[in-house]
Amino acid sequence: MKKNVKLNGQLRLYVRWPLYLTLLLIGMNIWIYVISHDAGIVMAGFVFLYAAVAAILYVSNQPVLYTELVSFATRYGQIQKNLLRELALPYAILDEDGKIIWMNQEFMEITGKGPEYGRSIGTIFPELNKKVIPVEENPHTSVELVYGESDYRADLKLLHMEEDMTRSHLVSTVEFEGSLVALYLFDITEINHYIRENQEQRMAAGLVYIDNYDEALETVEEVRTSLLVALIERKINKYFNAYDGIVRKLEKDRFFVVMQEKALTQIKENKFDLLQDIKTVNIGNEMPITLSISIGSGGASYMDCMEFARSAMDLALARGGDQAVVKTKEQITYYGGKTQQVEKNTRVKARVKAQALREIVEAKDKVVVMGHRLTDADSFGAAVGIYRASKALNKKAHIVVNDVTTSVRPMLEVFYEANGGETGIVIGSGQAREMVDRNTVVIVVDTNRPSYTECEDILSMTPTVVVFDHHRRGNEAIDHAVLSYIEPNASSACEMVAEILQYFADNVRLKGGEADCMYAGIVIDTDNFMTKTGVRTFEAAAFLRRCGADVTRVRKMFRNDMAEYKARAESVRHAEVYRGFALSVCPGKGLESPTIVGAQAANELLNIIGVGASIVLTEYNGKIYVSARSIDEVNVQVIMEKLGGGGHLNVAGAQLTCSLEEAMKTVRDTLDKMFEEGELE
């Protein structure tokens with residue numbers, strides 16, 4: 001028996017107790033010897049004899065005892081090994097690299113591997129790669145995986161082994177240095193089944209609005225209106241009933257829908273094809289029917305789902321309708337939105353917003369107007385209109401502009417000239433922060449995203465914020481605005497403000513230079529009245545002309561210098577057509593406002609035959625600015641939303657923080673993915 005074999009605990013005490021008792025007898029012998037010398041001598045003989053016998057037995061029986069103990073431990077270990085081998089729980093032992101050392105019978109039956117299989121566990125379960133093998137810093141990991149038709153939870157635990165393992169002639173041992181990994185497999189197929197079943201049976205609430213109900217009915221004969229309404233309702237009911245949903249009519253053009261989550265999953269896979277199917281309803285109506293659909297799901301209660309649905313409907317309508325919006329607690333998903341919103345000729349909404357704005361401005365002492373960063377013609381023109389409306393109420397007003405670009409500088413000069421050279425009207429972000437207080441109204445124009453504004457900080461410095469914008473609303477928005485007027489079917493923010501001015505107050509009189517600025521904003525955003533132009537656009541332009549806007553002066557504002565013209569030409573010259581998209585990079589070096597030139601180049605590329613849309617990248621101030629344009633075949637807004645931006649169906653943009661090469665690759669990959677998923681045709 002090896003000397004390094006030792007007994008521990010109570011067993012060692014039990015084996016050595018005769019030796020400890022000898023010490024007690026020696027002490028007793030000394031006490032007796034003090035009382036009687038003769039008795040002490042006799043007692044000493046017996047103690048010596050007892051100690052000799054105890055020592056001989058201890059030394060002679062120790063190897064036999066150790067052998068019996070090892071034999072017992074071996075038999076006990078064999079029993080444990082058999083129990084582990086026959087254990088109903090799949091179990092395996094791996095080395096530090098994930099190589100299989102041993103596995104029990106249940107594990108072999110599940111995997112179909114024999115005991116001689118000594119390859120990496122990753123060859124059986126790809127999810128159990130080197131990254132999930134436990135280490136000292138993280139000795140226990142858990143991974144869910146799928147094998148065959150079953151779901152499993154794999155628990156891996158690090159086992160520490162002694163450097164020197166004891167050997168016995170009765171048991172064969174293998175020396176091992178390092179650590180082992182114990183792998184347990186727990187079948188969670190049934191649990192996952194019930195979890196999925198529970199999730200699939202949860203309620204999802206929805207709303208369905210007919211976008212152009214009144215306009216469509218006006219285009220058919222009166223005797224056919226009831227038939228048109230019946231066909232629309234039949235389409236909606238039939239569609240959701242096919243998914244085991246319930247539809248109830250709330251108003252003439254509004255419906256409430258209830259369905260299960262599994263039905264919503266199927267509808268999302270079909271990308272809400274009701275949006276396209278409803279357009280086939282035609283009994284002589286000149287205008288195709290469009291719907292706005294909102295679904296709220298994943299709420300903690302039915303009320304939460306309904307609130308999600310209401311919020312999603314606000315988004316769908318603010319984005320122009322003809323689309324579906326699915327809102328959960330974590331995310332918002334958009335479907336459809338591929339057609340231009342039908343323009344509404346009524347100005348009731350503009351009049352109501354104008355009166356509300358007047359009441360808000362009258363109640364405050366100061367007005368601060370700002371647009372988006374890198375102010376363009378539309379943003380500055382709309383700000384000028386709001387400035388004039390505020391001055392008509394004798395309020396102190398300022399416009400926030402940080403960077404004066406080449407496109408805005410001529411407008412700024414005209415604006416100063418129209419106001420007699422008065423300084424201090426246009427301020428920067430620093431001055432705005434010092435000026436804004438709770439008695440100030442902050443009016444945001446031409447954007448509804450707080451992160452895009454010239455000075456986001458001032459939005460939280462006052463409870464009174466107003467938003468005027470013509471871009472479709474995205475996930476990020478100014479939620480605490482007391483007045484929000486977002487009109488996606490408007491051509492520009494200047495058009496919206498021009499309408500507001502006509503109902504704001506009787507004494508609003510735009511000066512000639514101010515009218516030029518607003519007219520210029522409409523001209524730029526409509527590409528000289530060629531895109532996004534409706535009846536109300538021309539009416540707004542006519543109003544500005546009556547106020548003194550001069551077409552010749554406006555044209556002179558936007559003449560380019562030679563460097564910008566050459567840069568735009570270079571963008572067009574180096575453009576390539578990819579899947580029907582003209583892709584190009586605008587050389588921004590040496591240009592004061594390269595993003596403006598990039599947008600102009602994107603417009604130019606649409607004049608090429610075979611180009612359905614254009615995307616131009618411009619590098620400026622460490623960012624990549626993406627300008628996307630289309631005529632009517634492609635919705636560039638949904639493309640830019642994939643890149644984190646937004647805009648209109650025909651005009652959109654985004655900002656990326658990467659290199660030009662990475663940005664172009666991202667654009668190509670996005671287009672490929674959208675074509676593969678059927679979002680682009």
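Gly371 sits in the loop between strand S12 (366-370) and H11. Helices here are DSSP runs of H or I with at least four residues, strands are runs of E with at least two, and both are numbered from the N terminus. This is a predicted model: local features need pLDDT of at least 70, side-chain atom pairs count only at pLDDT 80 or more, and totals for chains, interfaces and linings use all residues. Residues are numbered from 1 along each chain as its sequence is written, and side-chain values use heavy atoms, with hydrogens and water left out.

Is Gly371 buried or exposed? Gly371 counts as buried, because its relative accessibility is 3%. Buried means under 20% relative accessible area, exposed over 50%, partly exposed in between, with a 1.4 Å probe and protein chains only. Asp446 is 75 residues away in sequence, yet the two C-alpha atoms are 5.7 Å apart. Beyond its neighbours within four places in sequence, Gly371 contacts Ser379, Val445, Thr447, Tyr452, Thr453 and Glu454. Contact means heavy atoms within 4.5 Å.

Now the cores. A nonpolar core is a set of buried Ala, Val, Leu, Ile, Met, Phe, Trp, Tyr and Cys residues joined through side-chain atoms within 4.5 Å. The largest has 60 residues, and Leu357, Phe380 and Leu544 are among those with the most contacts inside it. Helix H11 (residues 377-392) gives the most to this core, 9 residues. A second, separate core has 34 residues, including Tyr239 and Val281.

Next, helix H7. Glu261 belongs to H7, which spans residues 261-269. Which residues of H7 are buried? They are Glu261, Ala263, Leu264 and Ile267. They lie on the same side of H7, because they cover an arc of only 155 degrees around the axis. That arc is taken from the directions from the helix axis to the C-beta atoms. Their cover includes helix H4 (189-200), helix H6 (225-241) and strand S9 (291-296).

Look at Glu261 itself. Glu261 is buried but has no salt bridge. A salt bridge needs a side-chain nitrogen of Lys or Arg within 4 Å of a carboxyl oxygen of Asp or Glu. The nearest side chain of opposite charge, Arg202, is 5.7 Å away. Lys and Arg count as positive, Asp and Glu as negative; His and the chain ends are not counted. After H7 comes Lys271, with a positive phi near 55 degrees.

Last, the whole chain. There are 21 helices and 23 strands. Of the 681 residues, 47% are buried.
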